Amino acid sequence: MSFAHGPLADRPNNPKVGLPLPHEAASLHVTGKALYTDDLIHRTPNLLYAWPLQAPHAHARVTTFDITPAYDVPGVVRVLTAQDVPGVNDAGIKHDEPLFPTEIMFYGHAVCYVLGATEDAARLGAEAIVVEYEPLPSLMTIPEAIAAESFQGAQRTVSRGDADAGLAASTHRFTGEFSFGGQEHFYLETNAALALVDEAGQIFVQSSTQHPSETQEIVAHVLGRPSHEITVQCLRLGGGFGGKEMQPHGFAAVAALGATITGRPVLLRLNRTQDITMTGKRHPFHASWEIGFDADLRIRALKATLTSDGGWSLDLSEPVLARALCHIDNAYWIPDIEAHGRIAKTNKTSQTAFRGFGGPQGMIVIEDILGRCAPQLGIAPEELRRRNFYSPGQPTPYGQPVRHAERLAAIWQTLSDKASVAQRQEQIAAFNASHHDSKRALAMTPVKFGI
């Protein structure tokens, strides 16, 4: 390799690092030539379409189930039920998600799937099936689940020091509760799976999944086959935001089951309404807390309980909760802390991974606490935050050293100056004083994201 002389003596002749490069599929995306799972139907002859029969109850028991009327609908080829499963009737990594349930656990839960020569045939076949339900009591909110002691999975605790003693020694003490809801991923491509069986009996699944190897594992155990007989491919991986890390497995298994039974390719593609009603969201959380500050308005102790809404099954709720607990300190030194975490079991979709994976839920708790306490302490929220930043040598509650903590204050001040926060706060105060019905506000918060 030869190098230039002078000011660029250390730069290679053909530099690559630091140069802007297009995404490998950018030209396909912007021209519309990129193929997604549903685009493959034009290359797949003799295709069958799968349609779910969704239950209209949040919690119910199936009492009558007659699929025979579906076969009177022209174009209906097969109705898939639990009796068709040769392996394990479960699509969850914790084995707590029956693929074909007898107990409905959330509104829109699929009872069975109809395979039709057209999508309309499959839809009409599903509508023809006779199902009767016995409605059961349902839990729809975290407070309801807490009152009913409806929890699932492992309960976790992050602690350091003695939170009770720290609170007792605090000059200022506050308590409160905080609840916030979930969030729909709204990926542009809804969940889709196209499965076929080749001449050697190998099963090939095109799936809009973020976790192909686990999709393979779930399909294999539903079909009662070894994983090496299942191949899973994802054409386009981006844009799932976590919503397709665990949720696509069952849909891929249904398509593969249909393909193995009928010998024809099967497409299961949810429309937007089905996708929203059948798949998980970001975890809603409820937090109860007590915090103490010393005379210098530094955090002395925090005691909190975080309860996430896991929905009807565990999915990834345990690691999401663990990350929330490990972010409740955010960028702040808390000498004495005791944070408990638990997962509520409710009659909702099984909540799942979402960008941030519990980190935002943990951080927003301490940010809300500081925002609530600052006015009571007679201090600006920005100053209360700055005063409690980590300093060099201080570890997190879970024992990890916070490297480069000295940068926090410098970054904070630089951003505050460049954003003219002080001047804008003065303008906001003047606006709010002269406007009765509309108000403005400006917030500035740090983020410590523990990857």
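What percentage of the 451 residues of the chain count as buried? The answer is 47%, where buried means under 20% relative accessible area, exposed over 50% and partly exposed in between (1.4 Å probe, protein chains only).

The model is predicted: local features need pLDDT of at least 70, side-chain atom pairs count only at pLDDT 80 or more, and totals for chains, interfaces and linings use all residues. Residues are numbered from 1 along each chain as its sequence is written, and side-chain values use heavy atoms, with hydrogens and water left out.

**Figure 1. The whole chain.**
The chain holds twelve helices and 15 strands. These are DSSP runs numbered from the N terminus: helices are H or I with at least four residues, strands are E with at least two. The C-alpha trace spans about 75 × 70 × 50 Å along its principal axes. Contact means heavy atoms within 4.5 Å. Among contacts between residues at least 6 apart in sequence, 80% join residues at least 24 apart.

**Figure 2. The crossing of α5 and α6.**
Two packed helices are described by the angle between their axes and the distance between the axes. Here, the axes of α5 (residues 212-223) and α6 (residues 248-262) come within 9 Å and cross at roughly 45 degrees. That makes α5 oblique to α6. Axes are lines fitted to C-alpha atoms, for helices over the stretch in contact, and angles run from 0 to 180 degrees between N-to-C directions. Angles under 35 degrees count as roughly parallel, over 145 as roughly antiparallel, 65 to 115 as roughly perpendicular, and the rest as oblique.

On the α5 side, the contact is made by Glu214, Thr215, Ile218, Val219, Val222 and Leu223. On the α6 side, His249, Ala252, Ala253, Ala256, Leu257 and Thr260 take part. By class, the contact has eight nonpolar, three polar and one charged residues. Ala, Val, Leu, Ile, Met, Phe, Trp, Tyr, Cys and Pro count as nonpolar, Asp, Glu, Lys and Arg as charged, and the others, Gly among them, as polar.

The twelve residues of α5 should span 16 Å at 1.5 Å a residue, and its end C-alpha atoms are 16 Å apart, which agrees. The expected span is 1.5 Å times one less than the number of residues. Buried in α5 are Glu214, Thr215, Ile218, Val219, Ala220, His221, Val222 and Leu223. The buried residues of α5 pack against β10 (203-207), β11 (230-233) and α6. Gly224 follows α5 with a positive phi near 70 degrees. Gly224 sits in the loop between α5 and β11. Its relative accessible area is 54%, so Gly224 is exposed. Gly224 and Glu127 are 97 residues apart in sequence and 30 Å apart in space, C-alpha to C-alpha.

**Figure 3. Helix α6 and its end.**
Helix α6 is mostly covered, with twelve of its 15 residues buried. Among them are Pro248, His249, Gly250, Phe251 and Ala252. The 15 residues of α6 should span 21 Å at 1.5 Å a residue; the end C-alpha atoms are 21 Å apart, which agrees. Just after α6, Gly263 takes a positive phi of about 75 degrees.

**Figure 4. The surroundings of His109.**
His109 lies in the loop between β4 (103-104) and β5 (110-116). Its relative accessibility is 5%, so His109 counts as buried. Leaving aside neighbours within four places in sequence, His109 is in contact with Leu53, Gln54, Ala55, Pro98, Pro101, Glu103, Ile104 and Trp312.

**Figure 5. Two phenylalanines with positive phi.**
Most residues other than glycine have a negative phi. Phe186 is not a glycine, yet has a positive phi of about 50 degrees. Phe186 lies in the loop between β8 (172-180) and β9 (192-197). At 44% relative accessibility, Phe186 counts as partly exposed. Phe241 also has a positive phi, near 60 degrees. Phe241 is found in the loop between β11 and α6. Its relative accessibility is 35%, so Phe241 counts as partly exposed.

**Figure 6. Thr118 and Gly263.**
Thr118 lies in the loop between β5 and α2 (119-128). At 40% relative accessibility, Thr118 counts as partly exposed. Thr118 and Gly263 are 145 residues apart along the chain, and their C-alpha atoms are separated by 16 Å.
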